[in-house]
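Hi everyone, thanks for making time for this one. Let me put the sequence and the structure up on the screen, and then I'll walk you through the contacts, the sheet and the surface.

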Amino acid sequence: QGITVHVSGIYIKENVIYYQVQLANDSPIDYNIELLRFYIRDKKTGKRTAAQEIELKPLHISGNTSVVRASGRNTIVVALEKFTVPNAKYLAIQVMEKNGGRHLLMRVNNRKIIRATPLPDLR
């Protein structure tokens, strides 16, 4: 549908993990962002079991989180409190379009989170 999202970097400083998320719009229509959500979700759920979701509230969000222009790119940096994910779960990043059907869901496994690049002290 012309929209792609990926995590281009994961960084850590003290008790905060920073996720650098890139949104690319290759379509001729602007992508208006309604919701940017982070939560931990089960990898597999049985037919008769409820899915467990733990929503994570961002400490800070930097970048344009309102619109990705047609044929444009946005970089958003989101700061979350430090955490790890059990093997049976993953971090889900959900981006939903306002008044549209182009909703994106990205999975980030614990293997990528524990390889976060430490940020140096600036003195």
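Let's begin with E53 and R37, whose side chains meet in a salt bridge at 3.2 Å, N to O; by salt bridge I mean a side-chain nitrogen of Lys or Arg within 4 Å of a carboxyl oxygen of Asp or Glu. E53 lies in strand β4 (residues 53–56) and R37 in strand β3, so this pair ties together parts that are 16 residues apart in sequence. E53 counts as partly exposed, at 37% relative accessibility. On that scale, buried means under 20% relative accessible area, exposed over 50%, and partly exposed in between, with a 1.4 Å probe and protein chains only. There is also a network here, in which salt bridges link R37, R41, E53 and E55.

A quick word on what you are looking at: this is a predicted model, where local features need pLDDT of at least 70 and side-chain atom pairs count only at pLDDT 80 or more, while totals for chains, interfaces and linings use all residues. Residues are numbered from 1 along each chain as its sequence is written, and side-chain values use heavy atoms, with hydrogens and water left out.

How many salt bridges does the rule give? The count comes to eight. Another one joins K13 and D121, with the closest N and O atoms 2.6 Å apart. K13 sits in strand β1 and D121 in the segment after β10, so they tie together parts that are 108 residues apart in sequence. R69 and D30 form a salt bridge too, and there the closest N and O atoms are 2.9 Å apart. R69 is in the loop between β6 (67–68) and β7, and D30 in the loop between β2 and β3 (31–42), so that pair ties together parts that are 39 residues apart in sequence. D30 is partly exposed, with a relative accessible area of 28%.

**Now the fold**

Stepping back, the protein has one helix and 10 strands; these are DSSP runs numbered from the N terminus, helices being H or I with at least four residues and strands E with at least two.

Five strands make an open sheet in the order β5-β7-β2-β1-β10, with mixed pairing. Which strands are at the edges? They are β5 (60–62) and β10 (117–118), each pairing on one side only. Pairing here requires that DSSP finds at least two bridges between two strands.

Strands β1 (residues 3–13) and β2 (residues 16–25) run antiparallel and are joined by 10 bridges. K13, our partner of D121, has V16 in β2 as its bridge partner. In the hairpin of β1 and β2, with two residues between the strands, E14 takes a positive phi near 55°. On the β10 side, two bridges join β1 to β10 in parallel, and Y11 has T117 as its bridge partner.

Of the 123 residues in the protein, 37% are buried. R107, in strand β9 (residues 104–108), is exposed, with a relative accessible area of 52%.
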